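Subject: Structure for you to look at

Hi,

Here is the structure I promised to send over. Have a look at it first, and then read my notes below.

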Amino acid sequence: MRRAARRDAIASHPSKTGQAYPRTARLVRKADFDAVYRNGKRRSSSHFTVFLKANDLPESRFGFSIKRALGGAVVRNRIRRRVREAIRLHREEISAGWDFVIHPKANVEKAEFAALESDLARLLKV
């Protein structure tokens, strides 16, 4: 009972800014990742390498590839959450109709969140 009540409370908690990160905004299939790598462009910065390719959809989609060399599962998941939050906060500023695959670099884990946000926003401007 206690666990179910907690799960309901967490699920009903609205987003703080009202912005969502829906499943339709994610790249999940290997074929989609491969298409971006094969036919897309690459941009790099001190924190990220971003691969991008135009798609024919009304919104942009994002995928993450986080190497095991960056750390264990806890570290990789923390990096993934930080990058996903930066995208969620700036989704309206990003052009629609693109597929992005984001590769964080080793310094992302310890970097200031504001620096990550500005770096990623600059790379995702099309």
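Let me start with helix H2 (residues 30–39), whose buried residues pack against E2, E3 and E4. By packing I mean contact, with heavy atoms within 4.5 Å. Helices (H or I, at least four residues) and strands (E, at least two) are DSSP runs, numbered from the N terminus. Asp32, Phe33, Ala35 and Val36 are the buried residues of this helix; buried is under 20% relative accessible area, exposed is over 50%, and partly exposed is in between (1.4 Å probe, protein chains only). Seen down the axis of H2, those buried residues fall within an arc of 160°, so they line one face of the helix. That arc is taken from the directions from the helix axis to the C-beta atoms. Lys30 and Arg38 are exposed, on the other side of H2.

Before you go further, note that this is a predicted model, where local features need pLDDT of at least 70 and side-chain atom pairs count only at pLDDT 80 or more, while totals for chains, interfaces and linings use all residues. Residues are numbered from 1 along each chain as its sequence is written, and side-chain values use heavy atoms, with hydrogens and water left out.

Now the overall picture. The chain has four helices and four strands, and reading along the sequence gives the pattern α-α-β-β-β-α-β-α. Of its 126 residues, 40% are buried. If you take the contacts with a separation of 6 or more, 81% are between residues 24 or more positions apart.

The four strands form an open sheet in the order E1-E2-E4-E3, with mixed pairing. E1 and E3 stand at the edges with a single partner strand each, so one side of each has no neighbour in the sheet. From one strand to the next, the twist averages 20°. For pairing, DSSP has to find at least two bridges between two strands.

Going through the pairs:

- E1 (residues 41–44) and E2 run antiparallel and are joined by four bridges. A hairpin of three residues connects E1 to E2, and Arg43 has Val50 in E2 as its bridge partner.
- E2 and E4 are also antiparallel, with seven bridges between them. Here Leu52 stands opposite Phe100 in E4.
- E3 and E4 run parallel and share four bridges. Gly63 has Val101 in E4 as its bridge partner.

Five of the seven residues of E2 are buried, so this strand is largely enclosed by the rest of the structure.

H3 lies across E2, E3 and E4 and runs at about 165° to E3. Helix H4 (residues 113–124) packs on the sheet and touches E1, E2, E3 and E4, its direction making about 30° with that of E2. Axes here are lines fitted to C-alpha atoms, for helices over the stretch in contact, and angles run from 0 to 180 degrees between N-to-C directions.

Last, the charges. A search of the whole structure turns up seven salt bridges, each being a side-chain nitrogen of Lys or Arg within 4 Å of a carboxyl oxygen of Asp or Glu.

- Asp99 and Arg61 have their closest N and O atoms 2.9 Å apart. This pair links distant parts of the chain, with Asp99 in strand E4 and Arg61 in strand E3, 38 residues apart. Both Asp99 and Arg61 are buried, and Asp32 is linked with them in a network of salt bridges.
- Arg91 and Glu59 come to 3.2 Å at their closest N and O atoms. Arg91 is in the loop between helix H3 (73–90) and strand E4 (98–104) and Glu59 in the loop between strand E2 (48–54) and strand E3 (61–64), so the pair ties together parts that are 32 residues apart in sequence. Glu59 counts as partly exposed, at 23% relative accessibility.
- Glu85 and Arg88 have their closest N and O atoms 2.7 Å apart. They are three residues apart in helix H3, so about one helical turn separates them. Glu85 is partly exposed at 30% relative accessibility, whereas Arg88 is buried at 12%.

Cheers
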